[in-house]
Amino acid sequence: MSPTKQVVVLGGGFAGLHLVRRLERRLHRGEASVTLVDRQNYHLFTPLLYQVSTGELPPHAVAYPLRDVTAPAGYHFLQSEVLAIDVARRRIGTADGELPYDHLVVALGSVTNDYGIPGVKENALPVKWLSDAETLKRHVLDIFESAATETDIARRREALTFIIVGAGPVGVELASSLRELMDHTMRQIYPSTDFSADVAVHLIDGSDRVLPAMDPRLSAIAMKRLEQQRIRVLLNTLVSEIGSGVVRTKDGAQLRARTIVWSGGVKANPLVAAIDLPKSKDGRIVVDDRFRADGRDDVLVIGDAAYFERDGKGLPQLAQVAVLEAPAAARNLAALVRGEPTQPFVYRRKGDLVALGRTQAGAEFARLGGFVLGGLPAWTVWRVNYLMQLLGVRNRGTLLVEWVLSFFAGRLVANTP
């Protein structure tokens with residue numbers, strides 16, 4: 001009998017998690033030894049991370065234990081930092097030792113992309129990890145507490161100015177949710193604050209429209225809603241530097257604020273750069289239509305780390321793409337373990353959803369001929385979609401209850417550690 005194949009999956013994000021879940025259905029018990037490696041022991045549901053930042057959800061609502069996936073399937077989970085990936089020796093270096101493999105799946109995800117702009121790391125708040133969301137929430141609440149006792153009008157207005165750089169889905173949803181927090185919760189508990197005159201939310205982007213990667217009709221819906229919420233949108237505005245409490249643009253303008261949030265985009269995990277495999281211009285590993293890197297049957301790459309070319313460009317680094325790739329990658333991985341032929345992956349985009357505050361959203365259905373919906377119907381679709389996407393009965397229950405409580409009773413604004 002041949003020895004059991006060793007399969008190692010790096011990353012418990014959308015790509016890695018959904019691949020492992022699908023792999024359980026494809027492989028028989030004992031057919032392969034599967035190990036999932038991640039530096040955290042939970043999967044982070046990033047599309048709802050901004051709601052943790054603005055008090056609509058508690059942190060545990062968007063964190064799903066990875067062992068709840070691996071243990072029932074008979075797979076192994078290792079919480080450790082990946083230090084090196086040696087494809088020549090088929091070894092993974094971690095903080096807890098080396099892992100050998102016969103088949104490797106690289107699903108390391110992405111990190112915040114500052115595009116080399118000075119001051120982003122030092123002076124702007126990111127919204128990428130759970131700790132980022134909690135930090136931003138505490139910061140916003142601290143700002144309102146200090147502003148409540150500030151007697152100087154200019155200082156108070158600067159303190160209550162919030163600048164979000166990047167008008168993609170994260171930036172738009174965060175800006176809208178932040179304004180909802182102020183209008184429907186903070187206004188009631190900070191009676192001394194003039195929310196009309198003192199509080200301002202700015203959204204900056206270098207493109208000519210918000211949500212530049214989405215359907216222009218969604219951009220129009222979002223822009224209209226942002227204007228209704230009194231959010232100042234600055235388009236065609238490129239940031240040159242972020243200083244302490246100031247955003248400088250390439251046209252020479254300066255915007256001052258005590259809160260600067262960076263949502264300018266993502267790039268491949270830095271670990272990917274050190275892997276000896278062909279890469280695209282943006283640093284992702286180039287894969288074929290079976291997710292193989294450099295034609296190798298022992299290395300598959302999916303999610304944000306993979307450059308899967310379609311129509312002359314790589315698929316976007318989005319959770320939706322990772323979730324769609326995972327079942328096909330799991331099917332091919334199972335085939336490779338058994339020495340069977342693999343099948344090409346055909347990408348069929350579902351569409352896009354964007355939340356725009358209380359009972360408002362935009363939805364585009366690519367598989368319904370590009371049909372676009374706005375307002376309450378789109379908001380309902382958005383809520384149901386994410387409720388069903390979230391894993392675990394406990395997480396879904398928490399999400400539903402917290403949404404109801406936030407809608408009717410206000411958001412979580414206790415500044416707990």
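## Close-up views of a predicted model

**View 1. Helix 1 against helix 10.** The axes of helix 1 (residues 14-26) and helix 10 come within 8 Å of each other and cross at roughly 40 degrees, an angle that makes helix 1 oblique to helix 10. As in every view below, what is shown belongs to a predicted model. The crossing of these two helices, helix 1 and helix 10, is right-handed. On the helix 1 side the meeting residues are Phe-14, Ala-15, His-18, Leu-19, Arg-22, Leu-23 and Arg-26, and on the helix 10 side they include Ala-319, Ala-322, Val-323, Ala-326 and Pro-327. Sorted by class, the contact of helix 1 with helix 10 holds 13 nonpolar, one polar and four charged residues.

View 2. Leu-19 has its place in helix 1, and it counts as buried because its relative accessibility is 0%, where buried means under 20%. Leaving aside neighbours within four places in sequence, Leu-19 is in contact with Val-9, Val-105, Ile-302, Ala-326, Ala-329, Ala-330 and Leu-333.

**View 3. The nonpolar cores.** The largest nonpolar core has 120 residues, and those with the most contacts inside it are Leu-19, Phe-144 and Val-172. Helix 10 (residues 319-338) gives the most to this core, contributing 11 residues. A second, separate core has 14 residues, among them Val-120, Ala-124, Leu-234 and Ile-260. In soluble globular proteins, nonpolar side chains tend to be buried together.

View 4. Helix 5 (residues 130-148) and helix 7 (residues 169-189) have axes that come within 13 Å and cross at roughly 45 degrees, which makes helix 5 oblique to helix 7. Helix 5 passes helix 7 in a right-handed crossing. Helix 5 makes the contact through Leu-136, Val-140, Leu-141 and Phe-144, while helix 7 supplies Leu-174, Leu-178, Leu-181, Met-182 and Met-186. By class, this contact of helix 5 with helix 7 has nine nonpolar, no polar and no charged residues. Not counting residues up to four places away in sequence, Phe-144 touches Leu-160, Phe-162, Met-182, Met-186, Tyr-190, Phe-195 and Val-199.

View 5. The crossing in which helix 11 passes helix 12 is right-handed. Trp-382, Arg-383, Tyr-386, Leu-387 and Met-388 in helix 11 meet Arg-396, Leu-399, Leu-400 and Trp-403 in helix 12. The contact of helix 11 with helix 12 has, by class, seven nonpolar, no polar and two charged residues. Gln-51, which lies in helix 2 (residues 49-53), is in contact with Glu-56, Leu-57, Trp-382, Arg-383 and Trp-403, when its neighbours within four places in sequence are left aside. Gln-51 is buried, with a relative accessible area of 0%.

**View 6. Two loop residues with positive phi.** Most residues other than glycine have a negative phi, and most peptide bonds are trans. Arg-230, in the loop between helix 8 (216-228) and strand 14 (231-234), has a phi near 65 degrees, a positive value in a residue other than glycine. Phe-291, in the loop between strand 20 (285-287) and strand 21 (299-301), has a phi near 75 degrees, which is also positive.

**View 7. Gly-252 in an exposed position.** Gly-252 lies in the loop between strand 16 (246-249) and strand 17 (254-256). With a relative accessible area of 60%, Gly-252 is exposed, since exposed means over 50%. The C-alpha atoms of Gly-252 and Val-393, which are 141 residues apart along the chain, are separated by 51 Å.

How values were computed. Residues are numbered from 1 along each chain as its sequence is written. This is a predicted model: local features need pLDDT of at least 70, side-chain atom pairs count only at pLDDT 80 or more; totals for chains, interfaces and linings use all residues. Side-chain values use heavy atoms; hydrogens and water are left out. A nonpolar core is a set of buried Ala, Val, Leu, Ile, Met, Phe, Trp, Tyr and Cys residues joined through side-chain atoms within 4.5 Å. Buried means under 20% relative accessible area, exposed over 50%, partly exposed in between (1.4 Å probe, protein chains only). Helices (H or I, at least four residues) and strands (E, at least two) are DSSP runs, numbered from the N terminus. Contact means heavy atoms within 4.5 Å. Axes are lines fitted to C-alpha atoms, for helices over the stretch in contact, and angles run from 0 to 180 degrees between N-to-C directions. Angles under 35 degrees count as roughly parallel, over 145 as roughly antiparallel, 65 to 115 as roughly perpendicular and the rest as oblique. A crossing is left-handed if the near helix is turned anticlockwise from the far one by less than a right angle, and right-handed if clockwise. Ala, Val, Leu, Ile, Met, Phe, Trp, Tyr, Cys and Pro count as nonpolar, Asp, Glu, Lys and Arg as charged, and the others, Gly among them, as polar.
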